[in-house]
Amino acid sequence: MTRTNITIRKDPKFMKFGFFDDAAKEYCITTPFTPLPWINYLGNDGFYGLISNTAGGYCFYRDAKLRRIARYRYNDVPGDIGGRLYYIKDQDTVWSPAYRPAETELDSYECRHGMGYTTFNSSKNDVNAKLTFFVPLGSACELHKLEIVNNSSSAKELTVFSGIEWCLWNAVDDSQNYQRNLSIGELEVVGSTIYHKTEYRERRNHYAFFTVNAEVDGFDTDRDVFLGARRSWNNPVSVENGKSGNTVASGWYPIASHSIKVKLAPGEKKTYVFQLGYIEVPREEKWESKGVINKKPAIELINKYNTTEACEAAFDELKKYWNELLSIYHVESKDDKVNRMVNIWHQYQVMVTFNMSRSASYWETGIGRGMGFRDSCQDLLGFMHLIPERARDRIIDIASIQFENGSTYHQYQPLTKRGNADIGGGFNDDPLWLVACTAAYIRETGDTTILDHPTPFNNVEGSEKPLMEHLRRSINFTINNKGPHGLPLIGRADWNDCLNLNCFSEEPGESFQTFGPSEGPVAESVFIAGMFVKYGKEYADICDYVGLADEAKTIRAEVDKVKAATEEFGWDGEWFLRAYDAYGNKVGSNECEEGKIFIEPQGFCTMAGIGQEKGYGAKALDSIYKHLMNDYGIEILAPCYTTYHVELGEISSYPPGYKENGAIFTHNNPWCSVAATVIGDAEKAFDIYKRSCPAFLEDVSEIHRTEPYVYSQMIAGRAAVHYGEAKNSFLTGTAAWVVVDITQAILGVQPTLKGLSIKPCVTKDFGSYKVTRKFRGATYNISVIQDGSGKGLVVDGNAVEGNLIPDTGKKEYSVEFYI
Ligand code: BGC
């Protein structure tokens, strides 16, 4: 049996498991038997849900660890558990519109993941059920609209059951501390609403509820009674018997389930709106009477959406919201896949990464790292144009966990916004990413007031300094932390947090991220050198822009020093070196036995223009093609490490071909594509973009296994046992970098400090195309015309020298760029 047909139980002939519906901005999944759960995200700002193509997943308010609403069981089988559980009992048949949890074979099934919503449309025995899940804008709740139609020629008497399993708020504690937790569950039930109030009696001032806009025939909140002995969610005894137990749980495992008897004449349709909500109550108003929670805010929220019309209006609003967001950058080219990814899925994935950082996916548990410093800074690079105001707030939040010496905490918890002390700092690339995202913010908005924003260090009140001072300290951190070759010291690790040159861990279980000294005086990173040259220049540009010409000059001189050091000590002959280890030995050199070439410095040093006059960039990219390129993209290094190297750390802990040991780590592929545009190589730029781009891999979904509408963190490399198999979908910095790559570097619509610039780097074959771009309050209708004339920029009929569109204060510009 091959690995692929383990997963594809129904129809082994599938290479695809669905199709893109571009007009609807949806991916339509046509079988519940995708190789892995294919997921989507609900929620925009506050209340978030993860939902799979069988409605599995969970939801939370702001923080997946500290405010988990629905429970998810880790390492369970099948993996796709929890979530929103719906059953329809039709005589002796019990089925679920999302296939799970009942897992009864359906007559038809369809799941559509759209922009912030997911729908199911399924049927069984002439009953059709449509379930729509979304979080309405501005409200802390999920709406589940269930429409049931009787398509048979006789009357049907059905019973609908709903189900949610509550998490006792702190998802870590919930999965560990049974001796306490199994005694604390508390609920209230009033009419059709079930309130989950565990720990509300003491220090919490929040509760959750699950309701439906109809009278119920029964309910359950005690999981054991609802499921019955030795049963699970796929065959609850109450559902089998068609009758709820009307239980109010005390302790053990609190759940919320409704049952509703539904009589349908032939052709008749009924609609129900279920609502799963989160409520915070001011501390002084917690109680309605002794022990009875204050339900007023919940009732207000319930009333907002308790009709089909209100639910549908909220759904339309969500669609409108996304249509507007996606109208900010819109391309029309002859390549459908490019259009689809640029106009819909890249930008959508960027929104998800902006919201989640690397905290909550099906592969990031939500109980781990919270928001990453470098992760969130990079996510912002592709998000800036969508909602700059939110980007601004995020930049300030991130900068607030920086230390006074310019280094930073590596992560923070979204609820508390405090740095995560368990991991600390010492990742020496982190500070420079703050410069990267702030520079991108100013280029997008022209708003330099952000630089004046009083921003604390390490969240300490009274330590506030203007954001500009944070950037300065970021830059100076690199300047002040260089090693023997004049290259930046790596610290614990740079972007590749598995290259641990100062760790030297020998014992299993020691964290590669925190073990060993956080500072080593010898190990240097050529990658950080590339970053410093690139972002040092961007910092100097900001200095000039705000009238700090002297500082700009000083920083440019520092940039030149690192550039010279990199050209002298960071170049290996055919490609850039990766690093020097703690003994001063080369990493990523032709002299090495394994790990001869790494991708990261090729991308970054070339983007930074290091050694450009000497042709280093072109050579580096050729070397990438020679040594690292496979069918699906560029591998992170080659040859893979076959043994553990204590002086290199986690990178050598992975079996060859996986993760940082030789997989395609998709995040850094767009760096190389952008790098190709910097040296004017349009062929390579587009080829690199296409190879790992999800839509271009849809036809090999059976091999790739993860969602074909979003990037996964990695695709196993040639040395791996399962070459081509992707892992860790959704939360990857690839999303943002790809937006930068395709929208700015390749299609060439580039925000600059001075305005919008048009500088395409496209192949002849790509042909002419149009981009609509909203930028600083104006709309630019741009046509890039490949007529061979090379005439360049024409704005409103007038030829313009160079690439910058002059800002004449108009609301709309008609722009042509002739190649
Ligand atoms: C982390 C990034 C890191 C990358 C490469 C990702 O999982 O979120 O912070 O740069 O791996 O190691």
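Guide: Keeping in mind that this is a predicted model, we can begin with the hairpin formed by strand 7 and strand 8, which has two residues between the strands. Gln91 sits in the turn and has a positive phi of about 55°.

Visitor: How many bridges hold strand 7 and strand 8 together, and in which sense do they pair?

Guide: Strand 7 and strand 8, the latter covering residues 93-95, pair in the antiparallel sense over three bridges. As an example of who faces whom, Ile88 stands opposite Trp95 in strand 8.

Visitor: What about strand 7 itself, is it buried or exposed?

Guide: Strand 7 runs over residues 85-90, and because six of its six residues are buried, it is largely enclosed by the rest of the structure.

Visitor: Which strand do the six bridges join strand 7 to?

Guide: Six bridges join strand 7 to strand 13, which spans residues 156-169, and these two strands run antiparallel. Within that pairing, Lys89 has Thr159 as its bridge partner in strand 13, and Ile88 stands opposite Val160 in strand 13.

Visitor: And how many residues of strand 13 are buried?

Guide: Strand 13 is mostly covered, with 13 of its 14 residues buried.

Visitor: Which other strands does strand 13 pair with?

Guide: Strand 6, made of residues 68-70, is joined to strand 13 by two bridges in an antiparallel arrangement, and there Ala70 has Trp166 of strand 13 as its bridge partner. Strand 18, covering residues 254-264, also runs antiparallel to strand 13, with eight bridges between them.

Visitor: Changing topic, which residues are around the ligand?

Guide: The residues around the ligand are Arg358, Arg369, Arg374, Asp375, Trp495, Asn496, Asp497, Glu660, Phe665 and Gln713.

Visitor: Where do oxygen atoms of the ligand lie relative to Asp375, Trp495 and Gln713?

Guide: A polar side-chain atom of Asp375 is 2.7 Å from an oxygen atom of the ligand, and a backbone N or O atom of Trp495 is 2.4 Å from an oxygen atom of the ligand. For Gln713, an N or O atom in the side chain lies 3.0 Å from an oxygen atom of the ligand. The ligand taken alone exposes 310 Å², and the protein buries 95% of that.

Visitor: Now the outside: which residues form the nonpolar patch on the surface?

Guide: Tyr545, Val546 and Leu548 form that patch, and together they have about 210 Å² of accessible area. Val546 belongs to the loop between helix 13 (526-545) and helix 14 (549-569).

Visitor: Why does Val546 count as partly exposed?

Guide: Val546 has 35% relative accessibility, and the partly exposed class lies between under 20% for buried and over 50% for exposed.

Visitor: Last one: where is Lys727 found?

Guide: Lys727 is found in strand 36, which covers residues 726-729, and at 32% relative accessibility Lys727 counts as partly exposed.

Note on methods
Residues are numbered from 1 along each chain as its sequence is written. This is a predicted model: local features need pLDDT of at least 70, side-chain atom pairs count only at pLDDT 80 or more; totals for chains, interfaces and linings use all residues. Side-chain values use heavy atoms; hydrogens and water are left out. Patches are made of residues with over 30% relative accessible area and no salt bridge: like charges are joined within 9 Å, nonpolar side chains (Val, Leu, Ile, Met, Phe, Trp, Tyr) within 5 Å. Accessible areas come from the Shrake-Rupley method with a 1.4 Å probe; for residues, only the protein chains shown count as cover. A salt bridge is a side-chain nitrogen of Lys or Arg within 4 Å of a carboxyl oxygen of Asp or Glu. Helices (H or I, at least four residues) and strands (E, at least two) are DSSP runs, numbered from the N terminus. Buried means under 20% relative accessible area, exposed over 50%, partly exposed in between (1.4 Å probe, protein chains only). Two strands pair if DSSP finds at least two bridges between them. A residue is near a molecule or strand if one of its heavy atoms lies within 4 Å of it. A polar contact is a pair of N or O atoms within 3.5 Å; within protein, one must be able to donate a hydrogen and the other to accept it, and residues adjacent in sequence count only if both atoms are side-chain atoms.
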